[in-house]
Amino acid sequence: MAMAEIRSIGVVGGGQMGSGIAQLAAVHGVDVWLLDTDSQALTRATNSISTSIQRFVSKGQLSQEVATNALQCLRCTSNLEELRSADVIIEAIVESEDVKKKLFSELDKIAKDSAILASNTSSISITRLASATTRPRQVIGMHFMNPPPIMKLVEIVRGADTSEETFNLTKALAERFGKIVICSKDYSGFIVNRILMPMINEAFFTLYTGVATKEDIDTGMKLGTNHPMGPLELADFIGLDVCLSIMKVLHAGLGDSKYAPCPLLQQYVDAGRLGRKRGIGVYNYHKVPEATTVLARI
């Protein structure tokens, strides 16, 4: 399959990552099927994509013609069968190996023989995901950064059996989307999260042990190391459940106690404090109504 022949892409998962990847493909003129079993998730994704594209137009970063064409390239479905004609299918669902393996097994049965199955996983073994299919040579990691339409990086991960052709096609597709590609071997966490998540976890330990306030931890890293966001603020943006899941993958896959998740991170997830998407994580994002004070009359 030549690069010019990649005309149709399937994206599985209508959340922030999946909708962002679908938007990216549509803006670059690729026909996209965005699949989610939750029809409300698809409605939210469609609205989010439309709003995001119009924002790019209003800033002069996209022409109205490209925006109109992009929206025409995008179709939504809850039927896996619609992905039969896709040249590449990118999975962007929950960060669970068992759930992803089940999906890859299903995709393997319905996708055409030449189709590449890519995972947006940020930490799970591509080799193990590929083992759920009959086409391990055509399975690859294609890890977009959040949010995909803005972040310039794509981390490509080759499984033990990923073919050179699959790698070259995937790299060319990422570059067609205007991305800079880095390549990782198939070890837990790959490159970015192998470095990032332990830093976030250590920030939680710093808060947990009372070294400093959350505000000072984040300010220290922003002003002291020139990070655009502090690690705790970034964790809220990513999702604390995602951070916890990746730390568990690192701990299990690399077998070193230094990757053990901080108990405070675990506690926040247990409490449903997952970050921005829930309105509360390390920080509270709910709008606090102005307090009305009653002055006592003397």
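A: The account below begins with the model itself, turns to the sheet and its strands, and ends with some helices.

This is a predicted model, in which local features need a pLDDT of at least 70 and side-chain atom pairs count only at pLDDT 80 or more, while totals for chains, interfaces and linings use all residues. Residues are numbered from 1 along each chain as its sequence is written, and side-chain values use heavy atoms, with hydrogens and water left out. The mean pLDDT of the chain (pLDDT being the predictor's confidence in each residue, from 0 to 100) is 94, and 95% of the residues reach 70 or more. Over residues 290-298, however, pLDDT stays under 50, and the model has zero contacts there beyond four places in sequence; contact here means heavy atoms within 4.5 Å. Where pLDDT is low, the predicted coordinates should not be read in detail.

The sheet is open and has eight strands in the order E3-E2-E1-E4-E5-E6-E7-E8, with mixed pairing. Helices (H or I, at least four residues) and strands (E, at least two) are DSSP runs numbered from the N terminus, and two strands pair if DSSP finds at least two bridges between them. The edges are strand E3 (74-77) and strand E8 (180-184), each of which pairs on one side only, and the twist averages 25° from one strand to the next.

Strand E1 (8-12) is largely enclosed by the rest of the structure, because five of its five residues are buried, that is, under 20% relative accessible area with a 1.4 Å probe and protein chains only (over 50% is exposed, and in between is partly exposed). Ser8, Gly10 and Val12 point one way from E1, whereas Ile9 and Val11 point the other way. E1 runs parallel to strand E2 (residues 31-35) and is joined to E2 by five bridges, with Ile9 standing opposite Val32.

Further along the sheet, strand E5 (residues 116-119) and strand E6 (residues 139-144) also run parallel, joined by three bridges, and Ser119 stands opposite Gly141 in E6. Ile140 belongs to strand E6 and is buried, with a relative accessible area of 0%. Beyond the residues up to four places away in sequence, Ile140 touches several others, including Ile116, Leu117, Ala118 and Ser119, as well as Phe167 and Thr170. The C-alpha atoms of Ile140 and Thr127, which are 13 residues apart along the chain, are separated by 8.5 Å.

Helix H4 (residues 97-110) lies across E1, strand E4 (88-91), E5 and E6, and runs at about 165° to E5; axes are lines fitted to C-alpha atoms, for helices over the stretch in contact, and angles run from 0 to 180 degrees between N-to-C directions.

Ala70, in helix H3 (residues 64-73), is buried, with a relative accessible area of 1%, and is in contact with Ala26, Val27 and Ile53 when neighbours within four places in sequence are left aside. The axes of helix H9 (residues 231-238) and helix H10 (residues 240-254) come within 6 Å and cross at roughly 100°. In this pair, Ala235, Asp236 and Ile238 of H9 meet Leu240, Val242 and Cys243 of H10.
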